[in-house]
Amino acid sequence: MPVTKVIEIPHGKLGVWNLTEPADKLAGIFRFTEEEKTAFQNIKNEIRKQEFLAVRLLLENLLGKKAEINYNKHRKPQIKNKELKISISHCAGLVVVLVSHSQAGIDVENIYRNTERIAPRFLSEKEYDETENSPNPSLSRILYWCAKEAAFKFSEHPEIEFKTHIQISPFKINSTGGTFRGSLCKKEPTRQLAFQYFFFGNNVVVYCVEQEIMKK
């Protein structure tokens with residue numbers, strides 16, 4: 001299976017797959033359970049079929065064995081019958097899966113996605129000013145958006161306001177990737193988050209764990 005990249009992270013690992021294979025080819029190598037077969041057959045869109053299979057094949061590669069994914073009442077993914085946490089993201093032919101013994105979240109976005117129009121909806125006034133005054137406002141907005149998506153996936157709460165509940169500390173963008181900080185303040189106590197990011201082609205991947213986990 002063409003896994004493009006596997007990265008060890010604190011208490012877990014993440015995989016990246018540059019998805020080029022059609023769904024029927026992936027289906028030929030995937031070991032379906034009856035539940036998975038039913039779910040797959042109900043998907044009509046070719047891209048969604050590819051992503052469904054790629055996520056599960058990538059998870060199997062990361063774990064070294066077959067594992068099923070189900071979703072909780074808030075539609076967040078879980079690894080069935082496992083204590084491991086999972087976070088999933090995909091965009092334009094790229095699939096990323098993160099597995100961890102601790103809470104974590106991940107997101108991937110194309111760096112050329114235009115977020116200028118929606119920026120006031122997901123950035124606080126301070127964050128908006130920080131991105132606008134950065135050397136590359138467009139890329140800065142993408143990183144903030146990715147970080148907030150990752151923090152949302154990290155959170156156990158379904159109703160998260162990106163603009164007010166997730167706060168990103170100022171940072172300088174490094175072309176080779178890097179780290180920055182943020183917080184999730186939906187409920188007390190505030191969760192302090194550590195973010196890491198790297199670039200993959202025209203995409204950026206951002207993932208987060210709690211700061212204390214990153215230090216271990």
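Reply: Setting aside residues up to four places away in sequence, alanine 150 touches Gly105, Ile106, Asp107, Val206, Tyr207 and Cys208, where contact means heavy atoms within 4.5 Å. This is a predicted model, in which local features need pLDDT of at least 70 and side-chain atom pairs count only at pLDDT 80 or more, while totals for chains, interfaces and linings use all residues. Residues are numbered from 1 along each chain as its sequence is written, and side-chain values use heavy atoms, with hydrogens and water left out.

Alanine 150 is found in helix 6; helices (H or I, at least four residues) and strands (E, at least two) are DSSP runs numbered from the N terminus. With a relative accessibility of 0%, alanine 150 counts as buried, given that buried means under 20% relative accessible area, exposed means over 50% and partly exposed lies in between, using a 1.4 Å probe and protein chains only. From C-alpha to C-alpha, alanine 150 and phenylalanine 195 are 8.7 Å apart in space, although 45 residues separate them in sequence.

Valine 204, leaving aside its neighbours within four places in sequence, is in contact with Asp107, Val108, Glu109, Ile111, Ile142, Leu143, Cys146, Tyr197, Phe198 and Phe199. In soluble globular proteins, nonpolar side chains tend to be buried together.

When a disulfide is taken as a pair of cysteine sulfur atoms within 2.5 Å, the count comes to zero disulfides. Cysteine 146 is in no disulfide, and the nearest cysteine sulfur, that of cysteine 91, is 7.9 Å away. Cysteine 146 is buried, with a relative accessible area of 0%. The sulfur of cysteine 208 has its closest cysteine sulfur in cysteine 146, at 11 Å, which is too far for a bond, and cysteine 208 is likewise buried, with a relative accessible area of 0%.

Next comes the neighbouring helix. The axes of helix 5 (residues 125–132) and helix 6 (residues 137–154) come within 8 Å and cross at roughly 140 degrees; axes are lines fitted to C-alpha atoms, for helices over the stretch in contact, and angles run from 0 to 180 degrees between N-to-C directions. Helix 5 and helix 6 are therefore oblique to each other, since angles under 35 degrees count as roughly parallel, those over 145 as roughly antiparallel, those from 65 to 115 as roughly perpendicular and the rest as oblique. Glu127, Glu130, Thr131 and Glu132 in helix 5 meet Pro137, Ser140, Arg141, Tyr144 and Lys148 in helix 6. The residues of this contact divide into two nonpolar, two polar and five charged, where Ala, Val, Leu, Ile, Met, Phe, Trp, Tyr, Cys and Pro count as nonpolar, Asp, Glu, Lys and Arg as charged, and the others, Gly among them, as polar.

Within helix 5 lies glutamate 130, which is partly exposed, with a relative accessible area of 21%. Not counting residues up to four places away in sequence, glutamate 130 touches Tyr144, Ile168 and Pro170. Glutamate 51, by contrast, is 34 Å from glutamate 130 in space, C-alpha to C-alpha, and 79 residues from it in sequence.
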